[in-house]
Amino acid sequence: MLLDWKRIYTSEQKDSKPFTMVFYKKKDDNYTVLSAHTDSSFLTLMKAGGKDDTRIDAITKRIYCAVEAPTYANIRNAAALALKEMKKYEVENVEIDCEDMVEAAADGILLGGFKYDFMIKKKSCTPHITNADSIRARAQNLARFLSLTPANLMTPTLFTEYVRDVISHFNLEIGTDIYDRKAIEDMKMNLFLSVSRGSNEEPKLVVLTYLGRNLNDAGDTGSLNTETTLRPASTESLRIDLAGENKNGTKTIADDRKYDVVMVGKGITFDSGGISLKPSKGMEDMKADMMGGAVVFASIVAAAQKKMRVNIKVIIPLCENLPSGHANKPGDVIVGRNGKSVEINNTDAEGRLILADALNLAEEFNTKTILTASTLTGACVVALGNEYYGIYTEDDELCERIRVAGQAVEDKGWRMPLDKKYMKCMESDVADMKNCGYKAGSCSAAIFLKEFVTMKSFVHLDIAGMLGTDNTTLFAGNISGRPCAMLVEFLKGLSD
């Protein structure tokens, strides 16, 4: 049974009159309210602060939020911070009075108000926003929900059921193909399969298609068979016959459509480390090792809801990484889909293995760009903490697109070196390469992935740091769902 994820997208307007949320700046003892409809007399009377301060006038039903400057980040954070005071006053409905920054405030309320209470009797209640919404923030909360759901309730099979349920519920123009173990074997995704064999849970390969450039004026596309492709009727329909072959004679699912981007998301629904077992403390958080898959899924959902004029393919390899008599062992050699052999010297470096085969598959599509999102390395957390995700690419123009998108919604990454020199630490005596170099962890993992994709317009996002956050006001429950906001803006930029 699926949890009630639909609560992420619904909020009920109560009968009570809405409070009006306004924002103000303070300089010395002077207040400037960023609204033409409100004066500053209440703030002067209350001697309100100039930063991180929220004052509520219950008589006039106004919520005053302090900002140092009217930027997206400041407005969003101030709105999230106000939720605590709004709860004291039992604010049920809120109207945002902020001119061009309404969506920023809505983002703050929705992101700050999200709480993972889907298995708790007492539910949290976020005020209903009467004059705004944010598809982007709700998509990010969807990614957070998928990532925070316990691993026994978010197996590879259950993840695919959420995918189908979300797409069906919103009647989205997203083609959905879900491949089983037999199909994955037929496509010779041996690295992916090697990781999955340690678990009794069946691996799945999710492939999603959104053809926004083909939308007609009604927002529909006739290029997808909505009866058999969008909503498979049962689990029996998940096995797909593979008729095509690539130039090497390997079965493929590539089509002849043109795509702006193929996004590949890591989908390890639980990562114990395998035989190279992780420490027990904190291992429960590895239920979220599929956040890369969650954010690329949530991003294509937002693109379809916004009817963006962009063609997107999403590939999510899903499995668990567990120790067993069938699991990868240190020293094993596996031949990947592109024919390169890999010596497994660390079974806890499994994410790059499933992504390697998925990247080789992604490159068979006619696409301008390939992007991966993956909670790949703890080394990236050491390097960048929880503030920035790592950006690895040789393409300056692509990096600039990501930078601009992240800047717009305060979801920033930091460019890191994608350099062939890091392959030196992964040389093997028995295979083309090892899967772990034990130095420059994030950089060596990124260049490992580059061995499985040849095109220059490739970017890898190491989002391991996004599993934690220093901003608990905005991201209660730790999991941030970043960089979902950046990806939505990035896709929007591709459609311009």
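**View 1. The salt bridge between Lys6 and Asp165.** In this predicted model, Lys6 and Asp165 are joined by a salt bridge whose closest N and O atoms are 3.4 Å apart.

**View 2. Polar contacts and the elements on the domain 1 side.** Seven residue pairs are in polar contact across the interface of domain 1 and domain 2, with both residues of each pair at pLDDT 80 or more. On the side of domain 1 that touches domain 2, the elements giving two or more residues are α2 (72-88) and α3 (102-113). Sorted by class, this side of domain 1 has 13 nonpolar, five polar and four charged residues.

View 3. Domain 1 contributes 22 residues to the contact and domain 2 contributes 28 residues.

**View 4. Buried area and the residues Trp5, Tyr9 and Leu111.** About 2300 Å² is buried between domain 1 and domain 2, and carbon and sulfur atoms give 67% of this area. Of the area that domain 1 buries against domain 2, 35% is supplied by Trp5, Tyr9 and Leu111, more than by any other three residues.

Technical notes. Residues numbered from 1 in each chain as written. Predicted model: local features only at pLDDT ≥ 70, side-chain atom pairs only at ≥ 80, totals over all residues. Heavy atoms only, no water. Contact = heavy atoms within 4.5 Å. Buried area = accessible area lost by both parts, 1.4 Å probe. Salt bridge = Lys/Arg side-chain N within 4 Å of Asp/Glu carboxyl O. Polar contact = N/O pair within 3.5 Å; in protein donor to acceptor, adjacent residues only side chain to side chain. Helix = DSSP H or I, 4+ residues; strand = E, 2+ residues; numbered from the N terminus. Nonpolar A, V, L, I, M, F, W, Y, C, P; charged D, E, K, R; others polar.
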